[in-house]
Amino acid sequence: MKSRFAHFAKKEFLHIFRDTRTLIIIFGIPIVQLLMFGYVITNEIKDVKVGIYDPAGDYLSQELITKLTSSGYFIPELIITSEKAIEPALKSGRIKMVISISPQFAQKFYKDGVASIQLITDATEPNTASLLTNYASAIINEFASDKGIGSQSTIPFEVRVRMLFNQDLKAVFMFVPGTMALILMLITAMMTSISIAREKELGTMEVLLVSPLKPVQIILGKVFPYIGLAFANSIIILLLGYTVFGLPIRGSLILLLAVCFLFILLALSLGILISTVVKTQQIAMFFSMIALMLPTILLSGFVFPIESMPKVLQWFSVIIPPRWFIAALKTIMLKGEGIALVWKEMLIMISMSLFFILVSIKKFKERLG
Amino acid sequence: MRTILFLLQKEFLQVFRNKTMLPIIFVVPIVQLLILVNAATFEIKNVNLAIVDHDHSSLSRSLISHFEGSPLYTIVPVEQSMEHAVESINANSSDAALIIPSKFEFDTQNGDNPSIQLLINSINGAAAGLINGYSMGIISNFIMNELSISHPVGMKPSTINVVPRYWFNPELKYSHFMVPGILVILVTIIGMFLTAINLVREKEMGTMEQINVTPIKKYQFILGKLIPFWIIGLVELGFGLFIGWLIFRIPIEGNLLLLFGFAAIYLLMALGVGLFLSATATSQQQVMFMAFFFMIVFILMSGIFTPAESMPQWAQTFNKINPLYYFMKVIRMVLLKGAGLKDIVPYIFAISALALGSITLAIVKFKKTI
């Protein structure tokens, strides 16, 4: 009996390992994704091309422009000579901001005590626009207090800011736990649901069902290889985060792996549930895409903080499994806390898995009966 | 020609008869727009702040009331010690903590330069940076209001008045930024992914062989497969645009014809890639993985969330062959800025070249495999 099951599991392993293309992608995705999140997706402002409109042209405005462009944030791409030329320049997308200095800048600054500057930004990218404005304003204000007379005000007390858990504000700290959730979801839930649906679609499921293997054995044999794959992958991601991006593992490694294992089981039970409901691979795919991938990326707090979402979506995120996984990962890895602060998440994950398994058993029986 | 028409009819019938395809084509964009646009926000709307006040002076209370007065901050009650404040950050009940030392008022007035501490949970680095910025803003406001140094007469400092102007999106609405980006993803999924899946399905089911032995020529078969998705892709763009306009009031400043013209070329490119994928893969599962892999890379690099210009140089070089990058640029330029033909000519050339490339590649590969 046991050897029959072992043979079946072996067959499934062979199935997966023979398909080198899929295998490469399964291990390639997390690596590429981590590299992208680590290096490409930044909100950093650096060398942004700006246009300069300076009808004043006096020594003070020149000095200010030099100060702005030597800050490393802005590159003077375009010298604009008339107010009319501002719009087409922004429209063409060549520059993101126009620094427009008012005429008689130096005179107004010293005689009237106030001069003005317009920062015209291309707000089609709203975050970039407000960041650019903030950066430029800070430089201009500093310049004004350097050049102005009698403005050497001292701040009466100091503010010490301490960034907890992630001193350098690295984005990878957010993305490693999220990428793990995404990959584990992809491998376990999606792959299992598709491979079971495939047997159904091609009619081989019927063949398997009339074989001496019990339905439970068939399902277990199907999911067994994926557990191994998923576990190997999560270790690769952790290693990569640790070695390349210096992501710390401050808490207990055993607890961390236990949480990963729980999530893999949860994703598997979800995958099995999907496969009992759908009939074809295409539907299984779209189902997983819409019901699993999108929420995992969007509503789990992976990329976007849950607290910033509208209330309805916040409530909705409670039923998204990866949300609890990511929260537990962050608490263990980055905060270094123990089971006292993650037992709630673990309990939720266990009850979700049980629920999915019960429903799929019921569905499976219905179909047979 | 008549053969192709019959094939087209068959394909359309198949799509419309399929009970899952239709909802996928029309429900997905609505769901995506509604959820993505609302969820995909980097804005900070609420900061839970724990305050530990060791001073209990009128000055410290005034500082606290400055934070209370800001709509952004919710003050979380904690026991008055540093340890409890850190604990509440650990348990995620607060995002940041402000620690006011004892003798704060006394030291400030005597010029002893006391220091207050601001602890911020920085696992989400971007949010931490913003929280820091907002908090410093409130503190410097507090200094201005409560502790401003009186200047001697005639020594009032000169200032520069900075006037920000946000063009094309004066209210800085994030949805105006996201909706066009999501439309690009939608069109790409249809053009690239659905096409590839559809073709491989025929292969996997063995029906491809059956068609090969009929008098239908190969190019007729391929055209019959591609044209429906080309049309569905364009319809989907129009549908998504309509939803975006209806729900999010995204502006349509430019010429829609121009946008659809560009999308038509873009879809040719996407269909080419879909065809190529289907010729390479042997099963639907494979196609899905390959498409997923490529889409993730191309979407993230295209500048959908973060500006492509601030990416490292190698990423910008890569973007020269990233079709999503061009479409992302053009759709935002046309919809939000009202860019005209002459603004997007370079992008049209680029996407046409890519379309030509992908179709050639697909045809070569397709001929080889069959």
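In this predicted model, Phe263(A) touches Leu184(A), Phe325(A) and Met349(A), leaving aside residues up to four places away in sequence. Phe263(A) also belongs to the largest nonpolar core, which has 184 residues.

**Nonpolar cores**

- Within the core of 184 residues, the members that touch the most other members are Val98(A), Ile99(A), Leu184(A) and Phe263(A).
- Helix H7(A) supplies the largest share of this core, with 19 residues.
- A second, separate core holds 27 residues, including Met163(A), Val52(B), Phe67(B) and Ala97(B).

**Domains of chain A**

- Chain A is assigned two domains: domain 1 covers 17-40 + 171-368, and domain 2 covers 48-147.
- The centres of domain 1 of chain A and domain 2 of chain A, taken over C-alpha atoms, are separated by 49 Å.

**Contact between the chains**

- Chain A contributes 91 residues to the contact, and chain B contributes 90 residues.
- Among the elements of chain A that give two or more residues to its side are helix H2 (20-39), strand S4 (114-122), helix H7 (172-202) and helix H11 (281-298).
- Helix H6(A) provides the largest share of the side of chain A that touches chain B, namely ten residues.
- Sorted by class, that side of chain A has 49 nonpolar, 26 polar and 16 charged residues.

- Five strands form an open sheet with mixed pairing, in the order S5(A)-S4(B)-S3(B)-S1(B)-S2(B).
- Strand S5 (158-164) of chain A and strand S2 (73-76) of chain B stand at the edges; each has a single partner strand, so one side of each lacks a neighbour in the sheet.
- From one strand to the next, the twist averages 25°.
- Strands of a sheet pair through backbone hydrogen bonds, in either a parallel or an antiparallel sense.
- S5(A) and S4(B) show the parallel sense, pairing over seven bridges; here Leu164(A) has Asn121(B) as its bridge partner.
- Strand S3 (residues 96-100) of chain B and strand S4 (residues 115-121) of chain B show the antiparallel sense, over four bridges; Leu98(B) stands opposite Leu118(B) in S4(B).

**Helices on the sheet**

- Helix H3 (residues 58-69) of chain B lies across S1, S2 and S3 of chain B and runs at about 175° to S1(B).
- Helix H4 (residues 82-90) of chain B packs on the sheet and touches strands of both chains: S5 of chain A, and S1, S2, S3 and S4 of chain B.
- The direction of H4(B) makes about 170° with that of S3(B).

Terms used
Residues numbered from 1 in each chain as written. Chains lettered and ligands numbered in written order. Predicted model: local features only at pLDDT ≥ 70, side-chain atom pairs only at ≥ 80, totals over all residues. Domains from an automatic or database assignment. Pairing = 2+ DSSP bridges. Axes fitted to C-alpha atoms, helices over the stretch in contact; angles between N-to-C directions. Contact = placed C-beta atoms within 7 Å. Nonpolar A, V, L, I, M, F, W, Y, C, P; charged D, E, K, R; others polar. Core = buried A, V, L, I, M, F, W, Y, C linked by C-beta atoms within 7 Å. Buried ≥ 20, exposed ≤ 12 C-beta atoms within 10 Å, placed from the backbone.
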